[in-house]
Amino acid sequence: MTVATAQPATAGPEPAGVDNRIVVGGAPLTWRTLPSPELPDPAAVLATSARHALAAARQHAVHGTELLLSTASRVDATMRAELGDAGFTVTLLDDDGAHPGAPTRPRAAEPGRLWLLTSGSTGRPKRVGHTLDTLTTVRADQPDRTWLCPYAPGTYAWWQVVTLSLTQPGQHLVVVDPDELDDWPVVAATYGVDAASGTPTFWRRTLYRDAAALARVPLRQITLGGEPVDQAILDQLREVFPAARISWIYASSEVGASIVVHDGRAGFPVEWLDRETPGRPTLSVRDDELVVTSPYHGVGLAGPVRTGDRVQVLDGRVLITGRLDSDEINVGGSKVSAGVVRGVLAQHPGVAWARVTGRRAPVLGRMVVADVVLAPAAAPLPDEAALVRWCADRLPEHAVPRRIRVLTEIPVKETLKSDV
């Protein structure tokens, strides 16, 4: 094992959740029994497994090493060069320990700093600075839970689950690696998972692949976030888990966790807009865009932050429909929200998942098209004509998809999101 700069000689106190149980790679551990890798400072750690990512997180919690944590698959050669130019020592972390490269422009470390890479939904990922404190947004005492963590290491959602387990006694963790995602309900049932956080795509894909296996997981808390959350997926989960608390969360690397809704309805109450409460985010809408002022913001993002997410106010709810740069489709001068059309398709009982986009058209300039994955239990299975009629009964004529393609599997990226 090669180490460029050893971790600081003095260590801080162990985090409050250090004795919480962790199951990773099928092995029961605790935070305390994880290995403590020697990392350069500052380090951009590329973890080769969930276990190594957790070890780096605990190392940061104890030693305060300036840390950017990700996986090798999310950091390409260009990004590695950018990190080196920014003074990070890019370090591969595997079973043999830490394997650091050399920073292009070495610099002094900033103690306690954590860096997140955004999901890249608006282009190449960028770095957003945080601390464990700004990433820890659950502070009140919680009932004992065993949480499933399916997220890619180093993402904002991953840190949300990890900081909960690190800082709160009784918040145990079962982590699944990417190659375990298809069978996660079996893993979760084996280890008594009763709380799980995932994207809507994650939940839709699980329901599509094996709803019966999901129903055997004793879930008491279900959390959704990371993508637009529509009523269809909330209703589907409520049908399987009638007694569970189902929450959806709006959060991002830039503004932190800003919206939490527990009432089982998509969107949030319009009364929450422009409500200023000390210590809590303030939500606003400007030109159909969600604007957040948050105490959990990243470095340099104080004050109102334009999120890039489009919203629609409907029936007393503020609905987040998608990204501004991709949600709006101009059809012959009429504006169509891809998110609204997607929500209509998702309400069809025969549709498990939908994606809506615009395609060039010779007369209209753009036309609405869609991809769908059909629900396996639907009988009879709807064809393209039936889905077009469904949309025509619920949407203005210019918003009805002109082409609907049927896919055989719900696509998912490493971030557990689809391109919706």
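**View 1. Helices H6 and H7 pack with axes that come within 11 Å and cross at roughly 25°.** Axes are lines fitted to C-alpha atoms, for helices over the stretch in contact, with angles from 0 to 180 degrees between N-to-C directions. This is a predicted model, so local features need pLDDT of at least 70 and side-chain atom pairs pLDDT 80 or more, while totals for chains, interfaces and linings use all residues. Residues are numbered from 1 along each chain as its sequence is written, and side-chain values use heavy atoms, without hydrogens or water. The crossing angle makes H6 roughly parallel to H7 (under 35 degrees; over 145 is roughly antiparallel, 65 to 115 roughly perpendicular, the rest oblique). On the H6 side, look for Pro-200, Trp-203, Arg-204, Leu-207 and Ala-215; they meet Ile-233, Gln-236, Leu-237 and Val-240 of H7 (contact: heavy atoms within 4.5 Å). Helices (H or I, at least four residues) and strands (E, at least two) are DSSP runs numbered from the N terminus.

View 2. What builds the contact between H1 and H4? H1 supplies Ala-53, Leu-54, Ala-57 and Ala-61, and H4 answers with Trp-158, Trp-159, Val-162 and Leu-166. Sorted by class, that gives eight nonpolar residues, no polar ones and no charged ones (nonpolar: Ala, Val, Leu, Ile, Met, Phe, Trp, Tyr, Cys, Pro; charged: Asp, Glu, Lys, Arg; polar: the others, Gly among them).

**View 3. Eight strands line up in an open sheet with mixed pairing.** Reading across the sheet, the order is E2-E1-E10-E9-E11-E12-E13-E14 (strands pair if DSSP finds at least two bridges between them). Strand E2 (27-30) and strand E14 (256-261) are the edges, and each of them pairs on one side only. From one strand to the next, the twist averages 25°. Helix H6 (residues 200-215) packs on this sheet, where it touches E9, strand E11 (195-198) and strand E12 (221-225), and its direction makes about 120° with that of E12. Helix H7 (residues 231-240) lies across E12 and strand E13 (245-252), and runs at about 165° to E12.

**View 4. Zooming in on the E2, E1, E10 and E9 part of the eight-stranded sheet.** Strand E1 (residues 21-24) runs antiparallel to E2, and four bridges join them. The pair is a hairpin with two residues between the strands, and Gly-25 in the turn has a positive phi of about 60°. Val-23 has Pro-28 as its bridge partner in E2, and Val-23 also stands opposite Val-174 in E10. E1 and E10 pair in the parallel sense over three bridges. Moving on, strand E9 (residues 145-149) and strand E10 (residues 171-175) run parallel, joined by five bridges. Here Val-174 turns up again, as the E10 partner of Leu-148.

**View 5. A three-stranded open sheet, ordered E22-E23-E24, also has mixed pairing.** Its edges are strand E22 (351-361) and strand E24 (403-407), each pairing on one side only. Twist in this sheet averages 25° from one strand to the next. Strand E23 (residues 365-374) and E24 run parallel, with five bridges between them; Val-373 stands opposite Leu-407 in E24. H6 shows up here too, touching E22 and E23, with its direction at about 120° to that of E22. Helix H9 (residues 338-346) packs on the sheet as well, touching E22, E23 and E24, and its direction makes about 145° with that of E22.

**View 6. Phe-88 and Trp-115 form an edge-to-face aromatic pair.** A search of the whole structure finds six aromatic pairs (Phe, Tyr and Trp rings, six-membered for Trp, with centres within 6.5 Å; planes under 30 degrees apart are stacked, over 60 edge-to-face, the rest tilted). For Phe-88 and Trp-115, the distance is 6.3 Å centre to centre, with 85° between the planes. Phe-88 sits in the loop between helix H2 (77-85) and strand E5 (89-94) and Trp-115 in strand E7 (residues 114-117), so the pair ties together parts 27 residues apart in sequence.

**View 7. Two backbone spots worth a look: Pro-42 and Asp-274.** The peptide bond joining Asp-41 and Pro-42 is cis, with omega about 5°. Pro-42 is in the loop between E2 and strand E3 (43-47). Asp-274 is not a glycine, yet has a positive phi of about 60°. Asp-274 is in the loop between strand E15 (268-269) and strand E16 (282-286).
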